Amino acid sequence: MAEWLKTAKSATERAEDDAKTRATVETLLKDIEERGDAVVRELSEKFDKYSPASFKLSQAEIDDLIAQLSDQELHDIKFAQEQVRNFAQAQRDSMLDIEVEPMPGVILGHKNIPVQSVGCYVPGGKFPMVASAHMSVATASVAGVPRIVAATPPFQGKPNPGVIAAMHLGGAHEIYVMGGIQAVGAMAIGTETIEPVHMIVGPGNAFVAEAKRQLFGRVGIDLFAGPTETMVIADDTVDAELCATDLLGQAEHGYNSPCVLLTNSRKLAEETMAEIERILKILPTADTARVSWEEYGEVIVAEDYDEMLKIADDIASEHVQVMTDRDDWFLEHMTCYGALFLGPRTNVANGDKVIGTNHTLPTKKAGRYTGGLWVGKFLKTHSYQKVTTDEAAAMIGEYGSRLCMLEGFVGHAEQCNIRVRRYGGRNVPYGTGAEPQKAAE
């Protein structure tokens, strides 16, 4: 049986936190709907201490911000964005429109059509999340979305040049400097100055995730991407320093970032816990990382690899870093996660920033039923059908007529019957099912 050497906050405590967040978000979204721009400004002043003449950046302001970056910084942003675009394009190329003729005169097909307007939220409370702009804006651009709106909070009181550059280079058509609930609400609901979008994407804190949850249905969303989660699955082929570094690298995201070590080595577990304490004494972001580790960190010692697999799939963590003597075995058998990072040479930070896969991933066990953000999330697959011959119209109509009558839908049956009469030349009494056509002798 697995043993928990360290446990996280209880589910009850987390539920209490969620309830407070839910109530706050519900009130603020209602205010945005009723008072629009005024509420957006009030919330920006309250939470971000930011109140510009216009939240929307002009082209001149965008150009000025980009000019503040060094040549190397701009090169690095473009390099990372190229990796994301290349992988997104490969994914898009795998999605084909189809058209088939399953029987003579009957044509069925589907088309992949871009969502017509998308709001991309790029978080930036404690850190300017340059990479998040690639993941949402650039990917939407590859999908062919004709209106891409991007929003990000001010960083230390002003727009962050790196984030704005990534948004602009990624293909954003409108860029707003506003954060949190007010940004998500304004893009989804609309205000006097912001036309609402059809879909909201992007990660964020618990309030952003809850706002997306409450707005789902009114607009589409990518997924419920809340505070980041990480799991390290390791055996004695790696050392404690590597495990501790990778756990704390994600714990620094915020005060509520779950981080889990899952291993079959008690020695590695104990050494990793000691190594975490050592690193926390020298890590510049330790104030944040320590809270996440103390309140949301877990250390689990399993009996064997099969038990590790079972526990990992049950937790369904957002990021799962696998460093064992059988990494590909986990790739083959794991079914519930956000993204896998295989082998000690691979790490979540590279996946987050530059390697090319998308870093907006499912959290809170959502990996059991959905994957992360990808180019396909910005595409809607719409089917169509066309009957091109009289014979097919009559034949399909006959079956449809009887099946509609089986369900009691007489009006539906008449849609079929009128085709049988007109294109099949058969006298079907009104409100009855079409009799089977007798085969010619």
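I began with His319, which is buried at a relative accessible area of 1% (buried: under 20% relative accessible area, with a 1.4 Å probe and protein chains only). I worked throughout on a predicted model, in which local features need pLDDT of at least 70, side-chain atom pairs count only at pLDDT 80 or more, and totals for chains, interfaces and linings use all residues. Residues are numbered from 1 along each chain as its sequence is written, and side-chain values use heavy atoms, with hydrogens and water left out.

I placed His319 in strand β12 (a strand being a DSSP run of E, at least two residues, and a helix a run of H or I, at least four, numbered from the N terminus). Not counting residues up to four places away in sequence, I found that His319 touches Thr228, Glu229, Thr230, Met231, Gln250, Ala339, Phe341, Val348, Asp352 and Leu361 (contact: heavy atoms within 4.5 Å).

I then consulted UniProt, where an unreviewed entry gives Glu318 and His319 the feature "active site"; such annotations may be inferred rather than shown by experiment.

I located Glu318 in the loop between α12 (305-315) and β12 (319-323). Glu318 is buried, at 5% relative accessible area. Its side chain reaches the backbone nitrogen of Glu229 at 2.8 Å (a polar contact pairs N or O atoms within 3.5 Å). Neighbours within four places in sequence aside, the contacts of Glu318 include Pro227, Thr228, Gly338, His359 and Thr363.

Last, I looked up Thr360, in the loop between α14 (348-353) and β14 (379-387). I noted Thr360 as buried, with a relative accessible area of 1%. Beyond four places in sequence, Thr360 touches residues including Met135, Gly202, Asp222 and Leu373.

Key:
Buried means under 20% relative accessible area, exposed over 50%, partly exposed in between (1.4 Å probe, protein chains only). A polar contact is a pair of N or O atoms within 3.5 Å; within protein, one must be able to donate a hydrogen and the other to accept it, and residues adjacent in sequence count only if both atoms are side-chain atoms.
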